[in-house]
Amino acid sequence: HDGWANHFKAFGEKNVDDILKDYIEASEITVFNHADGSHNKYQGLAGAADFFKGLFESLSDCSDLAAPIIQVEEAADGKAGQVFLVWKCPASGYERATDTFIFNSEGKITRQNIAVHHMTAAAI
């Protein structure tokens with residue numbers, strides 16, 4: 001919960017420095033956009049920084065940002081902690097999105113898989 005609490009707070013503040021505290025050099029973020037078929041992979045701290053800088057820039061209007069499902073599962077019995085998140089922000093072109101986060105035993109995100117339906121301003 002501590003790792004997720006920091007991530008959620010830093011995301012809400014669009015604070016890249018704080019959000020990077022949740023990642024390690026072995027972290028990998030994979031993003032698929034259903035709207036245009038793009039598929040991108042970001043690796044390590046530099047990759048995570050690039051991803052979040054771009055994401056925060058694209059979230060220009062968060063007036064309708066919503067996360068109707070946030071399911072947190074603590075690490076236990078040798079299983080990794082994980083979070084399943086469903087969110088949307090139509091005002092910024094994110095009609096729907098889902099993230100799955102896998103945490104290591106230190107509470108750092110090692111894998112983040114994201115599927116979005118994001119229409120850029122030019123495509124809307």
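About how many helical turns separate Glu-13 and Lys-9 in helix H1? About one, because the two residues are 4 apart in that helix. Helices (H or I, at least four residues) and strands (E, at least two) are DSSP runs, numbered from the N terminus.

This is a predicted model: local features need pLDDT of at least 70, side-chain atom pairs count only at pLDDT 80 or more, and totals for chains, interfaces and linings use all residues. Residues are numbered from 1 along each chain as its sequence is written, and side-chain values use heavy atoms, leaving out hydrogens and water.

Start with the charged pairs. A salt bridge is a side-chain nitrogen of Lys or Arg within 4 Å of a carboxyl oxygen of Asp or Glu. The count by this rule is 4. Glu-13 and Lys-9 form one of them, with their closest N and O atoms 2.9 Å apart. Glu-13 is partly exposed, at 43% relative accessible area. Buried means under 20% relative accessible area, exposed over 50%, and partly exposed in between (1.4 Å probe, protein chains only).

Now move to Glu-28. It is buried, at 17%. Lys-41 meets Glu-28 in a salt bridge (3.7 Å, N to O). Lys-41 lies in strand E2 and Glu-28 in strand E1, so the pair ties together parts 13 residues apart in sequence. Arg-111 also bridges to Glu-28, with the closest N and O atoms 4.0 Å apart. Arg-111 lies in strand E6, so this pair ties together parts 83 residues apart in sequence.

Asp-22 tells another story. It sits in the loop between helix H2 (16–19) and strand E1 (23–33). Asp-22 is buried yet has no salt bridge. The nearest side chain of opposite charge (Lys and Arg count as positive, Asp and Glu as negative; His and the chain ends are not counted) is Lys-108, 5.6 Å away. A polar atom of the Asp-22 side chain lies 3.3 Å from the backbone nitrogen of His-7.

Last comes the empty space. Rolling a probe the size of a water molecule over the atoms shows where empty space is left. A pocket, on a 1 Å grid over the protein atoms alone, is an open set of points where a 1.4 Å probe fits, with protein on both sides within 12 Å along at least five of seven lines; lining residues have an atom within 4 Å of a point. The largest pocket has a volume of about 530 Å³. Of its 30 lining residues, the closest to the centre are Phe-51, Leu-55, Trp-87, Tyr-94 and Val-116. Helix H3 gives the largest share of the lining, 6 residues.

Definitions and conventions. Polar contact = N/O pair within 3.5 Å; in protein donor to acceptor, adjacent residues only side chain to side chain. Points joined across faces, edges and corners; volume = space filled by probe spheres on them.
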